[in-house]
Amino acid sequence: MPSTISGYATFYFLIGVTVLNETKAGDGILLNACCPGWVRMDMAGPNATKSPEEGAETPVYLALLPDRAKEPHGQLV
């Protein structure tokens with residue numbers, strides 16, 4: 001079990017993704033989660049290791065998967 005707030009949030013989010021993945025298998029909808037990492041924004045501050053553009057790469061990749069893509073599905077990407 002995680003010991004930080006962000007660890008708890010990620011842990012319980014992944015439980016939800018796993019449950020939905022199992023109950024919605026075969027419906028043609030890809031269900032994934034992603035973490036942009038530590039991004040230089042107001043919340044993380046200027047010392048964060050990623051630019052906003054780098055943090056956006058994975059969410060944009062997932063949003064633009066082609067129609068009828070089979071994977072990734074039920075993963076933390």
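Is Ile 15 buried, partly exposed or exposed? Ile 15 counts as partly exposed, because its relative accessibility is 38%. Buried means under 20% relative accessible area, exposed over 50%, and partly exposed in between (1.4 Å probe, protein chains only). This is a predicted model, in which local features need pLDDT of at least 70 and side-chain atom pairs count only at pLDDT 80 or more, while totals for chains, interfaces and linings use all residues. Residues are numbered from 1 along each chain as its sequence is written, and side-chain values use heavy atoms, with hydrogens and water left out.

**View 1. The whole chain, with 2 helices and 0 strands.** Helices (H or I, at least four residues) and strands (E, at least two) are DSSP runs, numbered from the N terminus. H1 covers residues 5–23. H2 covers residues 52–63. The chain has 77 residues, and 18% of them count as buried. Its accessible surface is about 6000 Å². Carbon and sulfur atoms hold 61% of that surface. Accessible areas come from the Shrake-Rupley method with a 1.4 Å probe; for residues, only the protein chains shown count as cover. Take the contacts (heavy atoms within 4.5 Å) with a separation of 6 or more: residues 24 or more positions apart account for 46% of them.

**View 2. A nonpolar surface patch that includes Ile 15.** Phe 11, Tyr 12, Ile 15 and Val 19 make the patch. Its area is about 350 Å². Ile 15 sits in helix H1. Patches are made of residues with over 30% relative accessible area and no salt bridge; like charges are joined within 9 Å, and nonpolar side chains (Val, Leu, Ile, Met, Phe, Trp, Tyr) within 5 Å. A salt bridge is a side-chain nitrogen of Lys or Arg within 4 Å of a carboxyl oxygen of Asp or Glu.

**View 3. Cys 34 and Cys 35, with sulfurs too far apart for a bond.** A disulfide is a covalent bond between the sulfur atoms of two cysteines. The cut-off used here is a pair of cysteine sulfur atoms within 2.5 Å. The structure holds 0 disulfides. Cys 34 counts as partly exposed because its relative accessibility is 28%. Cys 35 reaches 52%, so it counts as exposed.

**View 4. Pro 36, in the loop between H1 and H2.** Pro 36 is partly exposed, at 35% relative accessibility. Leaving out residues up to four places away in sequence, Pro 36 touches Lys 50 and Gly 55. Pro 59 is 23 residues from Pro 36 in sequence. Their C-alpha atoms are 7.4 Å apart.

View 5. Ser 51 is buried because its relative accessible area is 13%. Beyond residues up to four places away in sequence, Ser 51 touches Val 39 and Arg 40. The backbone nitrogen of Ser 51 lies 2.8 Å from a polar atom of the Glu 54 side chain. Glu 54 is in helix H2 and is partly exposed at 38% relative accessibility. Pro 52 is partly exposed, with a relative accessible area of 37%. With residues up to four places away not counted, Pro 52 touches Val 39, Arg 40 and Met 41. Two C-alpha distances run to Gly 37. For Pro 52, 15 residues along the chain, the separation is 9.9 Å. For Glu 54, 17 residues along the chain, the separation is 8.9 Å.

**View 6. Backbone geometry at Arg 68 and at the Glu 71 to Pro 72 bond.** Most residues other than glycine have a negative phi, and most peptide bonds are trans. Arg 68 has a positive phi, near 70 degrees. Arg 68 lies in the segment after H2. Its relative accessible area is 78%, so Arg 68 is exposed. The peptide bond from Glu 71 to Pro 72 is cis, with omega near 0 degrees. Pro 72 lies in the segment after H2.

Technical notes:
A polar contact is a pair of N or O atoms within 3.5 Å; within protein, one must be able to donate a hydrogen and the other to accept it, and residues adjacent in sequence count only if both atoms are side-chain atoms.
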